[in-house]
Amino acid sequence: MNQAKLIGLLPDLASFILVVNEGSFTAAAQQLGVTPSALSKLMTRLEKALSVKLIERSTRQLHITQAGQKIYDQCLVMMNAAQQVVELSSVDHSVPSGALTVAAPEAFLNSVLQPLVLPFLTQFPHIELKLRAIDGKIDVFRDNIDIAFKLTDKPDESLVLKELCKTELVLCASPEYLARRGVPTHPTDLADHDCLYLAETPQDHIWNFYKDETTHSVAVSGRYAVNQAQMRLNGVKDGLGIGIFHDFIVQDGLANGDILPVLTDWTLTSNYHGVIAMQYSQTQYMPARLRTFIDYVLTHLQPKLSAGIHLPMQQQLD
């Protein structure tokens, strides 16, 4: 496709993004100031030009096709670049301003990022901060995310990576529970204990441990399962059983003795362990608000996280 034809497609591609985001021709047409039928014809023209089906139409809703999703992801990159062009053309882009969307797992958002929000917004009054709790995979292009925090051992290689620190999984229980039920000394002992797990997938009750060259997978059970970290921690503090948490979630509880670590000589593995990674898309011209937030995190948060969480040794209870 020659450059002239490509330039002609750019408005249609932008309209395609709006249709997908709104989920209907009617809503998108209202924003564009055109009729739904005109917008539908525009999408047909775009599909013909690209020789691919972008949207499956029905009487009630639209469904993006697999090929359409890939094109949509690339269109978002195009729109983000256009946004950067607009920002560069402003009279003074040295003052951090505008909206910034940050995504992170809910537990990390609540325990680590939330305390930084008020000081950051106070120091930079022209920045609008939008926080999104996303557990699981975060797609910065599809979800229009500026910065993503991930707990992973496999950061996205297509994004810029700022590794803040390592994070470990900790097995904890209340002193009262351990006094009543005994302290497990081996992962297989957990089969005889009440355990709190996520219950998001059929495999969440399988806990995997390793030490040196030895590995164990244990099927745990219990009367209480919840995929919200603070609720799970409250259950552990109330003596409902043994739970798994990231170290940054249980730091205070371990320090004041509300909970105690269990099986500290074993290492737990899951989909959410490894490093705390801050990632964002590569760009030559970074908006001031994005650079400001990155620098703020590296200055105020990374030293705290890098100091590490020192777990007390497991103790035998009388």
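**Local packing in a predicted model**

Gln228 is found in the loop that runs between strand 10 (214–219) and helix 7 (229–237). The model is a predicted one. Gln228 counts as buried, because its relative accessible area is 16%, and the cut-off for burial is under 20%. Its contacts beyond four places in sequence are with Glu106 and Asn110. Ala107 lies 121 residues from Gln228 in sequence. In space, the two C-alpha atoms are 7.5 Å apart.

Among contacts with a separation of 6 or more, 74% join residues 24 or more positions apart. The chain has 318 residues, and 41% of them are buried. Its secondary structure comprises 10 helices and 14 strands. The C-alpha trace spans about 80 × 45 × 35 Å along its principal axes.

The packing of two helices was examined next. Helix 1 covers residues 3–22, and helix 2 covers residues 25–32. Their axes are 8 Å apart and meet at an angle of about 130°. Helix 1 is therefore oblique to helix 2. The crossing of helix 1 past helix 2 is right-handed. On the helix 1 side, the contact is made by Ser15, Leu18, Val19 and Glu22. Helix 2 contributes Phe25, Ala27, Ala28, Gln31 and Leu32. By class, the residues of this contact are 6 nonpolar, 2 polar and 1 charged.

Two residues of this contact were followed further. Ser15 lies in helix 1. Ser15 is classed as buried because its relative accessibility is 9%. Leaving out residues up to four places away in sequence, Ser15 touches Leu32, Leu39, Leu42 and Met43. One of these, Leu32, belongs to the helix 2 side of the contact.

Ala28 sits in helix 2. Its relative accessible area is 0%, so Ala28 is buried. With residues up to four places away set aside, Ala28 touches Leu18, Val19, Glu22 and Leu39. Leu18, Val19 and Glu22 are on the helix 1 side of the contact. Leu39 is touched by Ser15 and also by Ala28. Ile17 is 11 residues from Ala28 in sequence, and the C-alpha atoms of this pair are 9.3 Å apart in space.

Helix 8 spans residues 247–256. Its buried residues include Asp247, Phe248, Ile249 and Val250. Gly253 and Leu254 of helix 8 are buried as well. Gly257 follows helix 8 and has a positive phi, near 85°.

The cysteines were then checked for pairing. A disulfide is a covalent bond between the sulfur atoms of two cysteines. The count of disulfides in the model is 0. Cys165 takes part in no disulfide, and the nearest cysteine sulfur, that of Cys172, is 17 Å away. Cys165 counts as buried because its relative accessibility is 11%. For Cys195, the closest cysteine sulfur is also in Cys172, at 12 Å. That distance is too far for a bond, because the cut-off for a disulfide is within 2.5 Å. Cys195 has 1% relative accessibility and so counts as buried.

Note on methods
Residues numbered from 1 in each chain as written. Predicted model: local features only at pLDDT ≥ 70, side-chain atom pairs only at ≥ 80, totals over all residues. Heavy atoms only, no water. Buried < 20%, exposed > 50% of the residue type's maximum accessible area, 1.4 Å probe, protein only. Helix = DSSP H or I, 4+ residues; strand = E, 2+ residues; numbered from the N terminus. Axes fitted to C-alpha atoms, helices over the stretch in contact; angles between N-to-C directions. Parallel < 35°, antiparallel > 145°, perpendicular 65-115°, else oblique. Left-handed = near helix turned anticlockwise from the far one by under 90°. Contact = heavy atoms within 4.5 Å. Nonpolar A, V, L, I, M, F, W, Y, C, P; charged D, E, K, R; others polar.
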